[in-house]
Structure formats: C-alpha cells, structure tokens
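Open the model in your viewer and keep the sequence panel beside it. This tour gives one selection at a time and says what is there.

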Amino acid sequence: ISLTFRLAEQIGVSTHNTVSLEVQNLSSEGSRQNLQRLLDRQADFALVQLDVVSNAMRQGKVQAVAILANEPIHVIARSDSKLRSLTDLAGKRVGMGSEGSGIRFTADQLMGAIGLKVRPDSSSFDQVFERLANRQIDAAIYVGSVGASEKLRQRLASNPALRLLPMPPEVINYLITRDPGAYQTATISIGTYAARPAIPAQDIPTLATATVLVTRSNVDDKAVGL
C-alpha cells in the first residue's frame, strides 16, 4: 500500500470523525491521473507530487491546501556496479517508473534538466528489482517518503547487493534554484532502511519533492476549510 493511499484513507477517517464530512477516495494510477481528474472536475481534491502540480499552480488552475509529506528521490543501483552517483547513469539502462506515474514525471524532469541521457525502462516497482537482479537494467529511480514504503524497505534490507547513490551537490543546487517551488534538498540518513548492517551505509544527499493536497479555486470554501 502506497503512502498516498494511506494518507487518503487517513483524511477520509479524520474528516468523518471530526467534522462529519464524507470523503470518497478514488483509486488511481498516481499523481498525474489524480491531477487530471481534478482539472476535469472528476474530483474536488487530489493528492499529487508537488513537482507534478507546480505548473498548474503557477497558472492558477489549482491551489494547495496542505503539504503532507516529503518525498526524496532514491537512485538505486547494484553494489557491484561502478556507478557512484546520479551523473554516472549517462548512457545506462535506468528504471524510470511506469508511463504516467509521478515517479516517471520526476525522473524525466531530473534527467532533462541536467541533460543526462539514459536508456529509460518503464517497468513496474516489482519488475524493476527483478531486472536489477538479472542485470537487465543498471539502476532505478524511486520517489517516496523516507522509510514509508514497506515494500522498498523489504527490498533493500533483504538484498545487500543493492545500494543508494548520492546526487552531486551541483545537481541539487541547480534543481532547487531552477524550480524552488517543486524541489528542496534532502538527506536519506544512514540506517534509514536497516540498522545492522546499516542501509544506506552513509548519509545520501538528494532532492525531494512533496505530497500535497490540492483543489480547484472554485471548490466550495467551506469544504476546503473543513
């Protein structure tokens, strides 16, 4: 179960228990579909990645209600590879998230912004780890709250052949300067995913976007307030 799904469930329970507001949660393929449903008036609120929705916010199409969680970018590679940081992925086969997903959006934005040309792979979350193990891809991008994905924790803790790669400081500085509304500096701290042996084995500098609750400007103010 994803963090976004759990957040949506918590919002539904909280609004019911505290202000008697009933919320219907819709399953989806991720941030981009959530945003499109909001714009198409198929939903009144949406949980989306901040970088996915930043442009629509700047255009005044949607507005933020609350930032709910930070979502660092994880760059995952095999421990026995010669890859040492994000910029070593040039020309490599990289799991970028499924088409239409928030992860794919962030990965595309990241690679495009710094002119890093890779060979993208659109495998699902589970397929990515199989393809990494079989050396069918060289690395993978994952975007999610630190420690919140139990599936990611299990994958990293049970597979010492994997490790997280840092982002060079110049890439971090460039992205937060280029789009400060969408990204901020973040650290995946030593031992976040396992204590002994520590995973990661050292602090990993990276970028983060966020999970944000958004709505349209014409949604009833009372509902937004509740």
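Select L86. Setting aside residues up to four places away in sequence, L86 touches V75, L110, M111, I114, L116, P166, M167, P168 and V171. Contact here means heavy atoms within 4.5 Å.

A word on the source. This is a predicted model, in which local features need pLDDT of at least 70, side-chain atom pairs count only at pLDDT 80 or more, and totals for chains, interfaces and linings use all residues. Residues are numbered from 1 along each chain as its sequence is written, and side-chain values use heavy atoms, with hydrogens and water left out.

Buried means under 20% relative accessible area, exposed over 50%, and partly exposed in between (1.4 Å probe, protein chains only).

Helices (H or I, at least four residues) and strands (E, at least two) are DSSP runs, numbered from the N terminus.

**Helix α3**

Then step just past the helix to G60, which takes a positive phi of about 80 degrees.

Go to A8, in helix α1 (residues 3–19). Is A8 buried or exposed? A8 counts as buried, because its relative accessibility is 15%. Beyond its neighbours within four places in sequence, A8 is in contact with N25 and L47. For scale, draw a distance to S124: the C-alpha atoms are 22 Å apart, across 116 residues of sequence.

Move to D138, in the loop between α5 and β5. D138 is buried too, at 12% relative accessible area. Which residues does D138 touch, not counting those up to four places away in sequence? Its partners are I76, A77, R78, L83, K92, R93 and L132.

The last stop is I199, in the loop between β7 (184–188) and β8. I199 is buried, with a relative accessible area of 14%. Residues up to four places away in sequence aside, I199 touches L156, A157, G191, T192, Y193 and A194.

**Zoom out**

Show the whole chain as a cartoon. Count eight helices and eight strands. The C-alpha trace spans about 55 × 35 × 25 Å along its principal axes. Of the 226 residues, 46% count as buried. Among contacts with a separation of 6 or more, 74% join residues 24 or more positions apart.

Finish with the charges. There are 24 positive and 21 negative side chains, and the centres of the two sets lie 7 Å apart. Lys and Arg count as positive, Asp and Glu as negative; His and the chain ends are not counted. Each charge is placed at NZ of Lys, CZ of Arg, CG of Asp or CD of Glu.
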